[in-house]
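Please read this briefing alongside the sequence and the coordinates.

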Amino acid sequence: MLAVIIILLVIALGLLIGLMVYLGRWCKANKENKADYRTPIKNSIIISIIGTVCAVVMSILIFSYCKTLDPVGERYIIIERDWSNIAWYSYVAAIGGSLFLSASIFVFFGAFILYYYGRFKPPKLEKWLYRTLIISVVCILIFTFVTLEGYAPYMAYPLISGISFSSGFYRANSGESGIAFYAIFILIGAIMVYLICDHRIYKQFGSHGRIDGTFIVGLVMGIIGARLFYVFGEWDYYSVHPGEIVQIWNGGLTVLGGVILGIICGGLWCWWRNHKKFNVLQLFDIIIPTILVAQVFGRWGNFFNVEVYGNAVDATAFGWLPTIIVNNMRTMRDTSLMYVPLFFIEGVVNVVGYYLITRLFGGTLRKYLENGDQACMYLVWYGLIRAIMEPLRDSNFNMGSNLYWSLIWSLCFMGAGLLLIAGNHIIRICYREKKGTQNYTIHTYRKSWITTLVLSIISVGLIVAGSVMMATSGGSESLEANTYTFGIISLISGISIFFIDVVAILNFIFSYKDREVITSVARYDLCIFDVDGTLANTDEMVRNSYIHLYDLHKNGIRPTDSDLYAFSGPQLRDVLKLEFPQDDTEKLAQEFYEYSSTQYDDVLAYDHTKEILEYLHKKGVKIGVYTNKRHDLTIKCLVQVNILEDIDFIVGYEDTEERKPSGEGISKIMTDSGISDKRRVLYIGDSPVDYKVATNAGVDFCHCHWGPREYKDENLAQPHSISNFNQLKDII
């Protein structure tokens with residue numbers, strides 16, 4: 001029966017991988033403007049049904065097989081089991097839960113690939129794919145615990161925690177060694193970090209594999225750092241047993257040390273490999289907060305090892321948790337008591353932290369941040385959570401002879417993160433003020449004094465409270481949830497927040513000097529720019545790319561340079577169909593993209609581009625980009641000319657159902673920005689196509705008449721026309 005279970009597991013996993021490969025290849029092969037998604041969705045459903053059936057049959061067999069499976073290895077708790085009288089709801093939970101769980105997993109991966117990698121999706125399908133993603137994630141979490149709830153009453157505790165090379169499965173504290181589940185969970189967490197980061201970097205920078213070396217270096221050095229940190233914290237023991245320092249397989253890793261050395265070494269490698277092409281701080285903002293995801297998986301490794309828990313409490317206090325967690329955390333001497341599952345609490349808090357850093361601060365509040373802030377926020381969040389958790393741990397898991405080793409380092413993490421954020425802002429503010437490019441918005445002057453007041457009150461309050469608590473407690477010889485410990489936390493938090501307050505104070509002082517400028521009302525609330533020939537001087541790149549096609553397919557016979565320059569206005573495929581009617585348009589487009597992608601190193605921004613974008617932000621104007629250029633190439637171009645961080649919204653070739661001269665892209669940006677009044681929207685472009693875009697969208701148009709193109713259409717100058725970006729200030 002065990003062989004059948006393994007075969008079904010392999011088939012189910014194979015079908016899941018096959019589904020992902022099939023959809024990935026379909027998305028890559030699909031190059032048409034109108035994609036028929038019915039076929040891949042239908043095939044995905046068939047594969048998912050077969051895989052789900054295999055998973056459910058496997059679950060039924062496992063449920064039957066466990067009846068005769070005796071516990072393996074040493075154990076100190078065994079929950080009474082009566083297989084002759086299994087409750088009906090256990091069958092329903094185990095089998096029904098596995099049904100919906102496996103189905104949810106297949107749906108999640110299918111929807112994920114179609115949503116993020118499928119091109120030219122109908123808007124309605126895109127919305128439903130996104131909703132499906134969210135629903136499937138929730139279902140995976142729910143039905144994982146539903147399935148385990150069915151098995152939980154009939155399992156031996158503590159749960160198996162690894163695979164021994166000599167005796168099969170073993171449990172925590174059995175004295176055996178092998179492949180620990182803790183190590184497997186750490187590896188899964190690391191892989192999840194890589195996949196998430198690689199995907200987000202692809203979305204932002206348009207390339208995969210950018211962090212392969214960073215991932216390997218960070219992982220290896222993180223493991224080394226985690227071991228060294230543990231050894232230093234327990235030096236009283238390892239100084240007597242130096243031969244055990246390298247015996248990492250016997251356990252003994254401290255996440256703090258792994259984070260420190262992993263971030264330092266991985267960060268240096270990332271900077272060395274990418275600083276010439278990318279803003280490395282933006283990469284750090286993506287990579288470092290994602291470590292929280294790995295730590296969530298690592299905490300579940302602690303669960304199987306039955307370690308890093310809190311004090312013993314009445315088990316009924318956590319009766320709302322899944323039975324499998326409650327049973328595995330019961331104490332050895334009294335099964336009515338259980339250890340506080342700090343692994344679960346910290347795991348949930350880390351998920352919340354990742355969401356806050358990447359979605360709240362990285363999305364809604366992104367305009368208040370500088371590059372690098374999100375990476376520093378990880379240090380703050382992790383340090384704060386560990387500082388709170390350390391005093392709650394069972395004393396057996398506190399490190400250091402004075403029991404304050406982990407707590408002090410946690411507080412150092414938090415303080416260092418806050419200081420780095422403050423320093424990051426202070427340096428940038430002073431530098432921009434000196435250069436005259438500080439980007440104050442219309443809201444800065446109004447809000448900075450309130451922020452200063454609030455942060456000052458919080459900072460002073462924490463410093464005073466911490467000092468009083470430490471002075472009145474008389475000190476403490478042990479790490480526990482006492483007045484002295486929380487006094488330390490309060491004091492360091494207050495001092496750190498004081499440095500953040502300096503940022504608000506500087507904003508208030510400098511914005512006060514420019515209050516007359518930044519409080520004036522702008523004519524437009526939203527400015528949307530074309531890219532080629534407007535923001536970026538890509539004329540030679542476009543010309544050379546078309547020449548490349550003529551050399552390949554027409555023996556070098558080509559139009560005049562003035563005609564080639566004019567090709568940057570219309571949609572690429574429309575030009576290709578007209579100029580190369582006998583050739584495969586899509587193949588030509590890919591050749592164009594492949595060649596042009598190698599030409600971006602010579603692309604420059606037009607004069608005063610950066611300056612005008614910062615000026616618009618200072619006036620409270622939102623900035624968007626609407627182009628027929630592919631989204632990833634648009635990002636690559638904006639990165640090259642150093643204005644990506646100044647753009648609030650980007651709509652590229654594949655982001656709308658209809659391309660320019662349709663006004664759909666402008667409508668999409670207006671919806672995303674929350675601006676509905678078309679009279680408050682200005683579209684800036686350089687060609688007749690751009691004029692038609694503005695006309696079709698019903699917004700004002702501004703013609704940029706620079707570059708090698710000459711148009712005789714007098715309407716292009718209506719209602720605005722500029723010969724350099726400085727003139728846009730008079731229009732706004």
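The notes below begin with the basis of the model and then proceed by topic.

This is a predicted model, in which local features need pLDDT of at least 70 and side-chain atom pairs count only at pLDDT 80 or more, while totals for chains, interfaces and linings use all residues. Residues are numbered from 1 along each chain as its sequence is written, and side-chain values use heavy atoms, with hydrogens and water left out.

**Overall content**

- The protein chain has 26 helices and 13 strands, where helices (H or I, at least four residues) and strands (E, at least two) are DSSP runs numbered from the N terminus.
- Of the 732 residues of the protein chain, 48% count as buried; buried means under 20% relative accessible area, exposed means over 50%, and partly exposed lies in between, with a 1.4 Å probe and protein chains only.
- The accessible surface of the protein chain comes to about 35100 Å², and 63% of that surface belongs to carbon and sulfur atoms; accessible areas come from the Shrake-Rupley method with a 1.4 Å probe, and for residues only the protein chains shown count as cover.
- Among contacts (heavy atoms within 4.5 Å) in the protein chain between residues at least 6 apart in sequence, 72% join residues at least 24 apart.

**Nonpolar cores and surface patch**

- The largest nonpolar core has 98 residues, and those with the most contacts inside it are Phe-529, Tyr-546, Leu-682, Phe-725, Leu-728 and Ile-732; such a core is a set of buried Ala, Val, Leu, Ile, Met, Phe, Trp, Tyr and Cys residues joined through side-chain atoms within 4.5 Å.
- A second, separate core of 24 residues includes Phe-303, Ala-315, Met-329 and Met-389.
- Leaving aside neighbours within four places in sequence, Leu-682 is in contact with a set of residues including Tyr-524, Cys-527, Phe-701, Cys-702, Leu-728 and Ile-732.
- On the surface, Ile-163, Phe-169, Ile-179, Ile-184, Leu-187, Ile-188, Ile-191, Met-192 and Leu-195 form a nonpolar patch with about 720 Å² of accessible area together; patches are made of residues with over 30% relative accessible area and no salt bridge, like charges being joined within 9 Å and nonpolar side chains (Val, Leu, Ile, Met, Phe, Trp, Tyr) within 5 Å.

- The structure holds 12 salt bridges, each being a side-chain nitrogen of Lys or Arg within 4 Å of a carboxyl oxygen of Asp or Glu.
- The side chains of Asp-646 and Lys-610 meet in a salt bridge at 2.7 Å, N to O. Asp-646 lies in the loop between helix 23 (631–640) and strand 10 (649–651) and Lys-610 in helix 22, so the pair ties together parts that are 36 residues apart in sequence.
- Within this pair, Asp-646 is buried at 6% relative accessible area, whereas Lys-610 counts as partly exposed at 23%.
- Helix 22 (residues 609–618) is mostly covered, with 8 of its 10 residues buried, and just after helix 22, Gly-620 takes a positive phi of about 85°.
- Asp-632 forms a salt bridge with Arg-630, the closest N and O atoms being 2.9 Å apart; Asp-632 is buried at 15%, and Arg-630 also counts as buried at 15%.
- Asp-530, Lys-660 and Asp-690 are linked in a network of salt bridges.

**Cysteines**

- A search of the whole structure finds 0 disulfides, a disulfide being a pair of cysteine sulfur atoms within 2.5 Å.
- The sulfur of Cys-527 is 8.6 Å from the closest cysteine sulfur, in Cys-702, which is too far for a bond, and Cys-527 is buried with a relative accessible area of 0%.
- The sulfur of Cys-704 is 5.3 Å from the closest cysteine sulfur, in Cys-702, again too far for a bond, and Cys-704 counts as buried at 1% relative accessibility.

**Backbone geometry**

- The peptide bond from Lys-660 to Pro-661 is cis, with omega near 20°, and Pro-661 is found in the loop between strand 10 and helix 24 (664–673).
- Val-306 has a positive phi of about 50° although it is not a glycine; Val-306 is found in the loop between helix 10 (291–305) and strand 4 (312–314) and is buried at 6%.
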